[in-house]
Amino acid sequence: MRRVVAASFAIATAWSATAAEPEVQVSLRDTGYMLGDLIDERVEVSLPDGTRVDPESLPLPGRVAPWLEVRSATLEPAHAGSQALVVTYQIFAETEAATQAPLPEFHLRLRGTGDARDLAVPSRSFLLSPALPATLADKDRELRPSPDPVRMPERGALAGALASFAVALAAIGYLLWRYDRLPFLPYAPGPLLRAWRIWRRRSRRELTGDEETALLRDLHDALSQSAGETLYPSTLSRLFEHAPHLAPLRGEIERVFAASWQRFYGSGDTPAPASVLSTLQGAADRERGVPC
C-alpha cells in the first residue's frame, strides 16, 4: 500500500510539473519568399497561471543577420493560459537557387508570481526562391551605371503649356464676363450703366449747354427704366422700392432729380454737370453690384 501511494504521488507530482512547464509553438508560411518579402513568424506560448511574457524581451527592430532584418514584434493580450506574439522579418538577400534559410533563435522572458525565467523560441527555416535566372554570366553580375535621362522635345511641351494657359485664361475671362465682373465689358448692362457708358468719355471735358440738357434727359430716362415707370417728383420714392440697390444714393438722387426737374419745368438753374455725372456713375456701380 505504501508503494502504491508513493508511486501515485510521484506520478501526480511529475504531471503537475509537466503541466506547469511553458510550451512554445512556432508557425509560419515556409515557402514562396523572395528578395524584399516580409515573413510573419507567429509564436504561441502556453503559460502557467499568473505568468505573462515580458514585452521588454521581444526582439528589437534592426538587423539580425546581413540578409535579414526585424521590422516589428507585436505581443497580443494573454487569454486562456496562453499568449501569442508575431515577429515580422524582411529579406535582404538574393539567391541563384532555392535555398533553405533559417530564422534566428531568440529568447523571451516570462514574468509572474515567482522569479523571472527565460524561454527559448527555436529557429525555423523557410524556402528562399531565386528572383534571377538560374545561370548568370560574370558580366550579368556586375553593377551597371544608370542610363542617361531621355531628353524630351521642348517645343511640344512649351506649346502644350501655352495652349493650356490660353484655355485657362479664356475660361477665366468668360467666367468674369458671365458673372459681370468686367467693368469695361458688362454681361447684361442695365439702363444706368448704359447711360454712364455714353457719358463716361465726355466727363473728361467741359459740356456744352445742349450736352448738359441731354445728360439730364438721359439720367431721367435711366431712372424711369430702373423704376419700371415714368418718374415724377411725387413718385420718385417708387424707384427705391423697385431698385433697392440705389437706396444708399437716395439723398443724392433726390437732389439731382429735383434740380433737373426745375431745369425742365421750372425756373431753377441747371445742376452742375460734375454732380450729375458723379450721381450717374455711382448709380451705375450700384446697379452692377460693384462695392462702393
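Predicted model: local features only at pLDDT ≥ 70, side-chain atom pairs only at ≥ 80, totals over all residues.
Trainee: How do I read a pocket, and how much space lies in the largest pocket here?

Mentor: Rolling a probe the size of a water molecule over the atoms shows where empty space is left. In this model, the largest pocket holds about 200 Å³ of space.

Trainee: Which residues line the largest pocket?

Mentor: The lining consists of Arg-217, His-220, Asp-221, Ser-224, Thr-230, Leu-231, Tyr-232, Phe-257, Trp-261, Phe-264 and Tyr-265. Two elements, helix 5 (209–227) and helix 7 (250–265), each give two or more residues to that lining. Sorted by class, the lining has six nonpolar, three polar and two charged residues.

Trainee: Helix 5 and helix 7 both came up there. How should I describe two packed helices, and at what angle do helix 5 and helix 7 pack?

Mentor: Two packed helices are described by the angle between their axes and the distance between the axes. For helix 5 and helix 7 the angle is about 125°, and the axes are 11 Å apart. The two helices are therefore oblique to each other. Their crossing is left-handed.

Trainee: Which residues of helix 5 and helix 7 meet?

Mentor: On the helix 5 side they are Thr-213, Leu-216, Arg-217, Leu-219, His-220 and Leu-223; on the helix 7 side, Ile-253, Val-256, Phe-257, Ser-260, Trp-261, Arg-263 and Phe-264. By class, this contact divides into eight nonpolar, three polar and two charged residues. Arg-217, His-220, Phe-257, Trp-261 and Phe-264 belong to this contact and also to the pocket lining.

Trainee: What angle do helix 4 and helix 8 make where they cross?

Mentor: Helix 4 (residues 191–199) and helix 8 (residues 273–288) cross at roughly 135°, and their axes come within 8 Å. That angle makes helix 4 oblique to helix 8. The crossing is left-handed. Helix 4 contributes Pro-191, Leu-192, Leu-193, Ala-195, Trp-196 and Trp-199, while helix 8 contributes Leu-277, Leu-280, Gln-281, Ala-283, Ala-284, Glu-287 and Arg-288. Ten residues of this contact are nonpolar, one is polar and two are charged.

Trainee: Now a single residue. Where does Gln-100 lie, and which residues is Gln-100 in contact with beyond its sequence neighbours?

Mentor: Gln-100 is part of strand 7 (residues 99–102). Setting aside neighbours within four places in sequence, Gln-100 is in contact with Ser-125, Phe-126 and Leu-127. The C-alpha atoms of Gln-100 and Leu-128 are separated by 6.2 Å, and these two residues are 28 residues apart along the chain.

Key: Residues numbered from 1 in each chain as written. Heavy atoms only, no water. 1 Å grid on protein atoms, 1.4 Å probe; cavity = no way out; pocket = protein on both sides within 12 Å on 5 of 7 lines; lining within 4 Å. Points joined across faces, edges and corners; volume = space filled by probe spheres on them. Helix = DSSP H or I, 4+ residues; strand = E, 2+ residues; numbered from the N terminus. Nonpolar A, V, L, I, M, F, W, Y, C, P; charged D, E, K, R; others polar. Axes fitted to C-alpha atoms, helices over the stretch in contact; angles between N-to-C directions. Parallel < 35°, antiparallel > 145°, perpendicular 65-115°, else oblique. Left-handed = near helix turned anticlockwise from the far one by under 90°. Contact = heavy atoms within 4.5 Å.
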